[in-house]
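Good morning, and thank you for coming.

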Amino acid sequence: SIQSLLNEHPIQNEPGCEHEKGERDQLYTEIIRYENIAVGVLQMLKQTPPKFGGFRRQMRQIFLESAGAHLQTLQAYKDKEGMFTRSP
């Protein structure tokens, strides 16, 4: 949800996890950050849905402006490449 993007502890938006701050919180936050870039940014650029085609130029521009930050975020997960993790 959009609420997860705006919260330092996105797992706390899940039912029953409102007070979570431990290892599950950290793992969930890492998954959300990674998937936001993988799906919300890269997949949207590679396979832009037809209804969003009119925004493709702006999406590309924003991506280019944010590429450094995205790479920095992904670099933090480089050691975990190829690993399988389940969401808590």
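This is a predicted model: local features need pLDDT of at least 70, side-chain atom pairs count only at pLDDT 80 or more; totals for chains, interfaces and linings use all residues.

The structure holds 1 salt bridge, by which I mean a side-chain nitrogen of Lys or Arg within 4 Å of a carboxyl oxygen of Asp or Glu. Residues are numbered from 1 along each chain as its sequence is written, and side-chain values use heavy atoms, with hydrogens and water left out.

Which residues form the salt bridge? The partners are Arg-24 and Glu-20, and their closest N and O atoms are 3.9 Å apart. In general, side chains of opposite charge can pair when their charged atoms come close. Arg-24 is partly exposed at 39% relative accessibility, and Glu-20 is partly exposed at 21%. On this scale, buried means under 20% relative accessible area, exposed means over 50%, and partly exposed lies in between, with a 1.4 Å probe and protein chains only.

Let me turn to the chain as a whole. Its secondary structure comes to 3 helices and 0 strands, in the order α-α-α along the sequence. Helices here are DSSP runs of H or I with at least four residues, strands are runs of E with at least two, and both are numbered from the N terminus. The C-alpha atoms fill a box of roughly 40 × 30 × 20 Å along the principal axes. Of the 88 residues in the chain, 18% are buried.

Is Glu-30 buried or exposed? Glu-30 is buried, because its relative accessible area is 17%. Setting aside residues up to four places away in sequence, Glu-30 touches Tyr-77 and Lys-80, where contact means heavy atoms within 4.5 Å.

Ile-37 also lies in helix α2. With a relative accessible area of 6%, Ile-37 is buried. Beyond its neighbours within four places in sequence, Ile-37 is in contact with Leu-42, His-70, Thr-73 and Leu-74. Ile-37 and Leu-71 are 34 residues apart in sequence, and their C-alpha atoms are 9.4 Å apart in space.

Finally, I return to the chain's contacts. Among those between residues at least 6 apart in sequence, 40% join residues at least 24 apart.
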